[in-house]
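Reader: I have a new structure to read. Please take me through it, feature by feature.

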Amino acid sequence: TEFDAHRAEIVKRRSAILWPEKLHAPLLLMHGAADASVPPVQTLRLAAALLAAAEDVGVVVFPGGNHTLDRDRVERDRLAVEFFRRHLGK
């Protein structure tokens with residue numbers, strides 16, 4: 001597949017942890033503690049890098065949550081709407 005053939009390049013392009021200096025918008029990072037696809041520590045590392053750069057970042061880790069936070073979708077969506085309202089001034 002295309003991904004298999006160019007894995008390193010694609011991962012570098014998609015992995016914000018490798019280029020946090022390019023992120024200057026307010027961000028809300030949400031992660032499931034039981035995410036089997038992406039370790040939660042990656043979100044915490046990104047948050048730490050953004051906070052070190054004095055960027056506006058919020059972090060929520062859902063205990064037992066999976067990659068898409070299905071079980072926590074109501075709270076996930078509520079937090080996202082609240083975040084956008086606060087940062088878009090609506």
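Author: We will go from the overall fold to single features.

Author: This is a predicted model, so a local feature needs pLDDT of at least 70 and a side-chain atom pair pLDDT 80 or more, while totals for chains, interfaces and linings use all residues. Residues are numbered from 1 along each chain as its sequence is written, and side-chain values use heavy atoms, with hydrogens and water left out.

Reader: How many helices and strands are there in the chain?

Author: Start with the rule. Helices (H or I, at least four residues) and strands (E, at least two) are DSSP runs, numbered from the N terminus. This chain has four helices and two strands. Along the sequence they follow the pattern α-α-β-α-β-α. The C-alpha atoms fill a box of roughly 45 × 30 × 20 Å along the principal axes.

Reader: What share of the residues in the chain is buried?

Author: Buried means under 20% relative accessible area, exposed means over 50%, and partly exposed lies in between (1.4 Å probe, protein chains only). Here 26% of the 90 residues are buried.

Reader: Now the surface. Which residues make the nonpolar surface patch?

Author: First, the general idea. Patch residues have over 30% relative accessible area and no salt bridge; like charges are joined within 9 Å, and nonpolar side chains (Val, Leu, Ile, Met, Phe, Trp, Tyr) within 5 Å. Areas come from the Shrake-Rupley method with a 1.4 Å probe, and for residues only the protein chains shown count as cover. In this model V41, L44, V59 and V61 make a nonpolar patch of about 270 Å². Helix α3 (40-52) and strand β2 (57-62) each supply at least two of its residues. Take V41, which lies in helix α3. V41 counts as partly exposed because its relative accessibility is 38%.

Reader: How many salt bridges does a search of the whole structure find?

Author: A salt bridge is a side-chain nitrogen of Lys or Arg within 4 Å of a carboxyl oxygen of Asp or Glu. The search finds six. One of them joins E75 and R78, at 2.7 Å from N to O. Another joins D77 and R76, whose closest N and O atoms are 2.8 Å apart.

Reader: Why are E75 and R78 separated by about one helical turn?

Author: Because they are three residues apart in helix α4 (residues 73-88). Both ends are partly exposed: E75 has 34% relative accessibility, and R78 has a relative accessible area of 39%. Look at the D77 pair too. D77 is partly exposed at 38%, and R76 is partly exposed at 22%.

Reader: What partner does E82 have in a salt bridge?

Author: E82 pairs with R78, the closest N and O atoms being 2.9 Å apart. Both lie in helix α4, four residues apart, about one turn of the helix. E82 counts as partly exposed, at 37% relative accessibility. Shared partners join E75, R78, E82 and R86 into one network of salt bridges.

Reader: Next, pockets. What volume does the largest pocket have?

Author: Picture a 1 Å grid over the protein atoms alone. A pocket is an open set of points on that 1 Å grid, with protein on both sides within 12 Å along at least five of seven lines; lining residues have an atom within 4 Å of a point. Grid points are joined across faces, edges and corners, and the volume is the space filled by probe spheres set on them. The largest pocket here has a volume of about 320 Å³. It has 14 lining residues, and the closest to its centre are H31, V38, Q42, T43 and H67.

Reader: Which element gives the most to the lining of the largest pocket?

Author: Strand β1 does, with four residues. Both β1 (27-32) and α3 supply at least two residues of the lining. For classes, Ala, Val, Leu, Ile, Met, Phe, Trp, Tyr, Cys and Pro count as nonpolar, Asp, Glu, Lys and Arg as charged, and the others, Gly among them, as polar. The lining has six nonpolar, six polar and two charged residues.

Reader: Last, the backbone. Where is A54, a residue with positive phi?

Author: A54 sits in the loop between α3 and β2. Its phi is near 60 degrees, and A54 is not a glycine. A54 is exposed, with a relative accessible area of 68%.

Reader: And L69: buried or exposed?

Author: L69 is buried, with a relative accessible area of 4%. L69 lies in the loop between β2 and α4. Its phi is also positive, near 55 degrees.

Conventions. 1 Å grid on protein atoms, 1.4 Å probe; cavity = no way out; pocket = protein on both sides within 12 Å on 5 of 7 lines; lining within 4 Å.
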